[in-house]
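How do helices pack against one another?

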Amino acid sequence: MGRLSLLPSLALSLLFVLGSAEAQLRVGFYSRSCPHAESIITEEIDRAIRVAPSIGGPLLRLFFHDCFVRGCDASLLLNSTSASNPTEKDAPPNQFLRGFALVDRIKARLERACPSTVSCADILALIARDVVHADQGPFWEVPTGRRDGSVSIDTEALRLLPAFSANISTLKSQFDDVGLDAKDLVLLSGGHTIGNAHCFTFTGRLYNFSGRGDNSDTDPSLERNYLAKLRAKCAQGTSDALKLVEMDPGSFTTFDNSYFKLVAKRRGLFQSDAALLDDADTRSHVIRLAESDNSVFFREFAEAMVNMGNIAVLTGSQGEIRKNCARVN
């Protein structure tokens, strides 16, 4: 899933909005207009995690997939209005995302408590914080005040979302385009410590990696014992394409720094994980986080999430507060 370069004008506008975001968002934005907003979201997430512990990873990725396309404006949540107008949700990178029904349930409860007050964009930001915390991860104060966008285009998601097969130069470029640096790239990749992945997202590393066609043609950056385990779980071809595999084996429901320990040992699941070792800057962060205790990762991950949550936000009179996250008002 490759990408084309951002148009220069779009990249500049993203960085302009990013630069002003911190001044416009603030912690406790809903303290008067909807004082129970954050507790309502937390209650719903705690309930969802108790029922389905594996939902944490998919919910976290909703925020990531939203912010990298048009900024953190909940454009990911919009449904298509016709077959000729597919939205981000319809794009290949997003077709296996989960958690939309839970977002709708949370929004409906917030609308009953505080009609037309809490944006879908802020709901995604707060969900991301709460699922991480529910998985024994860090808690951080989320600046809120985002408003919702009204445009969602499938081809933008395909072009702009970092791909599981991306190399390090592409990843660094994509993050730089939205105002995030190499440290943010490494830390946000650490979100792979929770959740599962379908076999088709990484089997290209296990079979016919370079196109040679023989059974030994595998990704040389993948540790051999881990490679063998992955091949035992995911057969070549389509039979196992949708089979789920833990992204952080043995720890996929616990938010911790074990992801970095695995990547440092060349046991990252995706090519994009392995790529973090191909650059001196990103590699140094991987090694540092692998050798640190969880508190370091927790603190820095929270900082990176706030940074990502500032991408091209709509505030003030921009955008709208959707009554239903799946459609514009």
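What follows is a short walk through two helix contacts.

This is a predicted model. Two packed helices are described by the angle between their axes and the distance between the axes.

Start with helix H8, residues 182–189. The crossing of H8 and H12 is right-handed.

Now look at the residues that touch. H8 brings Ala-182, Lys-183, Leu-185, Val-186 and Leu-187. H12 answers with Asp-281, Thr-282, His-285, Val-286, Arg-288 and Leu-289. Sorted by class, this contact of H8 with H12 holds 6 nonpolar, 2 polar and 3 charged residues.

Turn next to helix H13, residues 294–309. H8 packs with H13 too, at an angle of about 110 degrees. Their axes lie 9 Å apart. Angles of 65 to 115 degrees count as roughly perpendicular, and therefore H8 is roughly perpendicular to H13. The crossing of H8 and H13 is left-handed.

Which residues of H8 meet H13? They are Lys-183, Asp-184, Leu-187 and Leu-188. On the H13 side, the residues are Phe-297, Glu-300, Phe-301, Ala-304, Met-305, Asn-307 and Met-308. By class, the contact of H8 with H13 has 7 nonpolar, 1 polar and 3 charged residues.

Finally, find Lys-183 and Leu-187 in H8. These residues meet H12, and they also meet H13.

Key: Residues numbered from 1 in each chain as written. Predicted model: local features only at pLDDT ≥ 70, side-chain atom pairs only at ≥ 80, totals over all residues. Heavy atoms only, no water. Axes fitted to C-alpha atoms, helices over the stretch in contact; angles between N-to-C directions. Helix = DSSP H or I, 4+ residues; strand = E, 2+ residues; numbered from the N terminus. Left-handed = near helix turned anticlockwise from the far one by under 90°. Contact = heavy atoms within 4.5 Å. Nonpolar A, V, L, I, M, F, W, Y, C, P; charged D, E, K, R; others polar. Parallel < 35°, antiparallel > 145°, perpendicular 65-115°, else oblique.
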